[in-house]
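Have a look at the chain below before reading on.

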Amino acid sequence: MAKRRRVSGGHVDGSQETSVLHLGNDQFYFSAYSDVAIHEGMLRDAVRTGTYRDAIFKFSETIQGKVVADIGAGTGILSIFCIQAGAKKVYALEASDIAEHAKTVVKTNGMSDKIEIIHCRVEDYDLPEKVDVIVSEWMGYMLLYESMWRSLLCARDRWLKPDGVMLPSVAEIHLAPITDEEVWEEKADFWDSMKELYGVDMSSMMSYAWKCMCRSVDVNTLQSENILARSQVVARFDINTVTTSMMEQVKSDFLCKSMGRGVLHGFAVWFIVKFVPPSDDSEMEAIVLTTSPFDEPTHWQQSVLYIQQPVAVDQDDSISGSIEITTNKKYSRFLDVQLSYKVKDGPMFTHQYEMNDFA
């Protein structure tokens, strides 16, 4: 099991000390992204970076000779991929101070005449021309955390030509029930060990410790054996047409069938994005970037909603309910999650989760 962490930003390293304002307030959000460690973490994610490179090169006919906007360009690597794929010009917008270092990266690669690094928020800038393609790695935990999608949609609505291309163009949120005996035993062993270490029986704290864990979304790398049932798609977005209101509030019912006997400890949420070829190229297959526990791990891991009362399930037991993911009203980069679930015809339980930087 990878290092578990309470949420501290969609791409922010779990070891970084940040206040709640780092993500709730744009000034601190962009300040956090000035830290090179965050960009190192994203570049080390070979699934993420490699998939974007493969998609850009596969879509080279769409990009060749065209004008591209890279939204949230970071160190500029996606912009460089676009030039390598034949783009005529790339406007690379980055609001954090890493933009100044991206300029050096672009210069070192001999592309300063084709890539313009713009150190500014998308919302505060006017491009001098419309663009043919928008590329962006905008996804946070549970897809929507950090709300970078707002800048993406702003850029799309203002700058993309009517026949322009979004890379990626489709995003989905998946949910599946999980079992996680390891984390349960980890908690129990810790409180039980207090007696051996200090001669004080603190086993009664276990139930409260688990209850506290169930208040926030937990970000962790799960294994395929943790998954109790086939995942359900609880949201699907066409990035070409999706609206702000659609992404501010996601609500969906789900119905799963347990694939075996186990204990239901919670639910995992992950996402996939797809680079879908233009409609006139039916022979080209979509390229998929997935954060599923059945595939190679990414820095996004999975977002886990643990439940306060684990429930034993048998094969083919129904696990049903609903999930609602909404933008926090006070801090727009945070999320509030409501989960309702029941096993077979049992009682319906409802839990509220916070996805923020308090933890």
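Which helices and strands each supply at least two residues of the lining of the largest cavity? They are α2 (26-32), α3 (36-44), β2 (67-71), α6 (77-84) and β3 (89-94). Please keep in mind that this is a predicted model, where local features need pLDDT of at least 70 and side-chain atom pairs count only at pLDDT 80 or more, while totals for chains, interfaces and linings use all residues. Residues are numbered from 1 along each chain as its sequence is written, and side-chain values use heavy atoms, with hydrogens and water left out.

**Terms used for the cavities**
- A cavity is a set of points on a 1 Å grid over the protein atoms alone where a 1.4 Å probe fits but cannot get out, and its lining residues have an atom within 4 Å of a point.
- Grid points are joined across faces, edges and corners, and a volume is the space filled by probe spheres set on the points.
- Helices (H or I, at least four residues) and strands (E, at least two) are DSSP runs, numbered from the N terminus.

**The largest cavity**
- The model holds two cavities of 30 Å³ or more, and the largest contains about 340 Å³ of space.
- Its lining has 27 residues, of which G72, A73, G74, E94 and M148 are the closest to the centre.
- With three residues, α3 provides the largest share of this lining.
- The lining divides into 14 nonpolar, seven polar and six charged residues (nonpolar: Ala, Val, Leu, Ile, Met, Phe, Trp, Tyr, Cys and Pro; charged: Asp, Glu, Lys and Arg; polar: the others, Gly among them).

**The second largest cavity**
- About 30 Å³ of space lies in the second largest cavity.
- Residues lining the second largest cavity include Y141, W270, F271 and W300.
- Both β11 (262-275) and β13 (302-313) supply at least two residues of that lining, and β11 gives the most, with three.
- Six nonpolar and five polar residues make up the lining of the second largest cavity, with no charged residues.

**A four-stranded sheet**
- Four strands form an open sheet in the order β10-β14-β15-β16, with antiparallel pairing (two strands pair if DSSP finds at least two bridges between them).
- At the edges stand β10 (249-257) and β16 (349-355), each with a single partner strand, so one side of each has no neighbour in the sheet.
- Nine bridges join β10 to β14 (residues 318-327), and the two run antiparallel.
- V250 has I325 in β14 as its bridge partner.

Methods. On a 1 Å grid over the protein atoms alone, a cavity is a set of points where a 1.4 Å probe fits but cannot get out, and a pocket is an open set with protein on both sides within 12 Å along at least five of seven lines; lining residues have an atom within 4 Å of a point.
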